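Take a look at the model below. The text that follows leads through it step by step.

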2 protein chains.
Amino acid sequence: MDFNSDVYIKRLARYYRRLVHLRQYGVLRVSSEELATHIKISPSQVRTDLSKLGVGQSGYGYRINNLIAELEKLLGVDKRNNMILVGVGKLGQALLTYNGFSKYSFNFMAAFDINPQLQGETFGMLLEPVKSIKELPYYLATHKVSIAALAVDPESVQSVVDILVAGGVKGIWNFAPRFPEVPDGVVIENVHIQESLLKLSFRLEESRVENNLTN
Amino acid sequence: MDFNSDVYIKRLARYYRRLVHLRQYGVLRVSSEELATHIKISPSQVRTDLSKLGVGQSGYGYRINNLIAELEKLLGVDKRNNMILVGVGKLGQALLTYNGFSKYSFNFMAAFDINPQLQGETFGMLLEPVKSIKELPYYLATHKVSIAALAVDPESVQSVVDILVAGGVKGIWNFAPRFPEVPDGVVIENVHIQESLLKLSFRLEESRVENNLTN
DNA sequence: TAGATTGTTAATCGATTAACAATC
DNA sequence: TAGATTGTTAATCGATTAACAATC
């Protein structure tokens, strides 16, 4: 087991979300068995993953609060995370108005777009109106930004990434269907929604074939 | 190599998108080496993945058109795919107005929401205004729907899924942070955007620790 | 023919599971 | 103490890579 692999990190995030959910219902402890149900992970996998956190107690399970605390440290959710958004199209607006990030400590502080029509508008929890991309370098020089979300069109991705990197941004959350180049030390997470749809379509096709259906 | 695994399907989708991109620039053939660059996949992996498609030619590479044609069959993109949307919040609206799906044969035909204020409105390419969820069973009985996108709140996911399944929908593209139960034969793809953000945050945290930075 | 590049497979690498001793 | 459940590790399973003979 590699405590660095993509699959492992994905599971950590999943445990965390599940635990927060369970805590809402007043649950105080879980066994690996209980935690494993509903999240498509085996109990054995849960134990292997969580063992290094040192929170488990034989014969008892895991104290939810302790487990959450450890995971929050690992996931960097134990502190405030400032985000900015570049690209305020419909997808960008959806990100700004979605309130499912702030409960995990992530908040959009500012948003940037090239379209002058959008500049000056506000969305969601945004305290300041949308700014011009020209203001981005100055903003980065004067504010601490941990993550920049990117919802610009594919052609502009690399140039925006370059501005962000030059401005010292270390975390990039990219929604455009491209894989921009980033230097070492900059972490990029690509969310490729079209690929997700194609995956679904493949499995659908495959299951149609298995069942000899023509439609 | 398992020609059914999640990682393999993900790569197929990625090859396909890349090939369509290259074709736009008039490229007629690629080698595994060329196809592999820019998409974070090794040439060796490309050859293993594509070998069963029977399109490659020794000493020459792959004819882009042939490869695309084969992948389109596998991915079910060689025909029109009717989609509907349930849940027309900001995220739903972003999906409706995003025009990156239709070029891969996916089109939203109708959208449903419980909110009466939204009913009657139109978004993006939608031909008919947003309908009440009450109309969903009748719609499903009278139209062929291959994929239903779900952007409702987490509490409603399972009940909407039940309606969809009862109506014969075989493909569900779920954007709500839950894992609804579906019977065999129904394919579900979960897009968990919060987990994606948490993954990014974890790697950022990790890289901070590696570099002994406090911020 | 010479050069290029595939498809194949054995070797390697990595991830998951099963089983159970240790422990609360 | 008896029962429950962890953490550990060997075994298994699956995915990736490297190397090269086959082929165009």
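For sorting residues by class, Ala, Val, Leu, Ile, Met, Phe, Trp, Tyr, Cys and Pro count as nonpolar, Asp, Glu, Lys and Arg count as charged, and the others, Gly among them, count as polar. By that scheme, the surface near DNA strand D has three nonpolar, 16 polar and five charged residues. Keep in mind that this is a predicted model.

Stay with DNA strand D. It is surrounded by 24 residues. The closest are A:Ser32, A:Tyr62, B:Ser5, B:Ser42 and B:Ser44. What share of the DNA strand D atoms within 4 Å of the protein belongs to sugar or phosphate? The figure is 59%, and the rest belong to bases.

A polar backbone atom of A:Ser32 is 2.7 Å from a phosphate oxygen of DNA strand D. The side chain of A:Arg47 has an N or O atom 3.1 Å from a base oxygen of DNA strand D. From chain B, a polar side-chain atom of B:Ser44 lies 2.8 Å from a base nitrogen of DNA strand D. Several elements give two or more residues to the surface near DNA strand D. In chain A they are helix H3 (43-51), strand E2 (56-57) and strand E3 (61-63). In chain B, the element is helix H3 (43-51). Which element gives the most to this surface? H3(B) does, with four residues.

Now turn to DNA strand C. It is surrounded by 24 residues, and the closest are A:Ser5, A:Ser42, A:Ser44, B:Ser32 and B:Tyr62. Of the DNA strand C atoms within 4 Å of the protein, 59% belong to sugar or phosphate, and the rest belong to bases. The surface near DNA strand C has three nonpolar, 16 polar and five charged residues.

Chain B supplies several contacts here. An N or O atom in the side chain of B:Arg29 is 3.3 Å from a phosphate oxygen of DNA strand C. A polar backbone atom of B:Gly59 is 3.1 Å from a sugar or linking oxygen of DNA strand C. B:Arg47 reaches a base: one of its polar side-chain atoms lies 3.1 Å from a base oxygen of DNA strand C. At least two residues of the surface near DNA strand C come from each of H3 of chain A and H3, strand E2 (56-57) and strand E3 (61-63) of chain B. H3(A) has the largest share, four residues.

In chain A, three strands form an open sheet in the order E1-E3-E2, with antiparallel pairing. Strand E1 (29-30) and E2 of chain A are the edge strands, each pairing on one side only. E1(A) and E3(A) run antiparallel and are joined by two bridges. A:Val30 stands opposite A:Tyr62 in E3(A).

Chain B also has an open sheet of three strands, with the order E1-E3-E2 and antiparallel pairing. Strand E1 (29-30) and E2 of chain B stand at the edges with a single partner strand each, so one side of each has no neighbour in the sheet. E1(B) pairs with E3(B) over two bridges in the antiparallel sense. B:Arg29 has B:Arg63 in E3(B) as its bridge partner.

Next comes the interface between the protein chains. In chain A, 67 residues are in contact with 67 residues of chain B. The two chains bury about 6,300 Å² between them, 62% of it on carbon and sulfur atoms.

How many salt bridges are counted between chain A and chain B? There are 14. One joins A:Arg14 to B:Glu195, with the closest N and O atoms 3.2 Å apart. Over all chains, the salt bridge count comes to 22. Among them, B:Glu205 and A:Lys79 meet through their side chains at 2.9 Å, N to O. This pair crosses between chains, from helix H8 (residues 193-210) of chain B to the loop between H4 and strand E4 (81-86) of chain A.

H8(A) gives the most, with 16 residues. By class, this side of chain A divides into 31 nonpolar, 16 polar and 20 charged residues.

Note on methods:
Residues are numbered from 1 along each chain as its sequence is written. Chains are lettered from A and ligands numbered from 1 in the order in which they are written. This is a predicted model: local features need pLDDT of at least 70, side-chain atom pairs count only at pLDDT 80 or more; totals for chains, interfaces and linings use all residues. Side-chain values use heavy atoms; hydrogens and water are left out. A residue is near a molecule or strand if one of its heavy atoms lies within 4 Å of it. A polar contact is a pair of N or O atoms within 3.5 Å; within protein, one must be able to donate a hydrogen and the other to accept it, and residues adjacent in sequence count only if both atoms are side-chain atoms. Contact means heavy atoms within 4.5 Å. Buried area is the accessible area (1.4 Å probe) that two parts lose on being put together, summed over both. A salt bridge is a side-chain nitrogen of Lys or Arg within 4 Å of a carboxyl oxygen of Asp or Glu. Two strands pair if DSSP finds at least two bridges between them.
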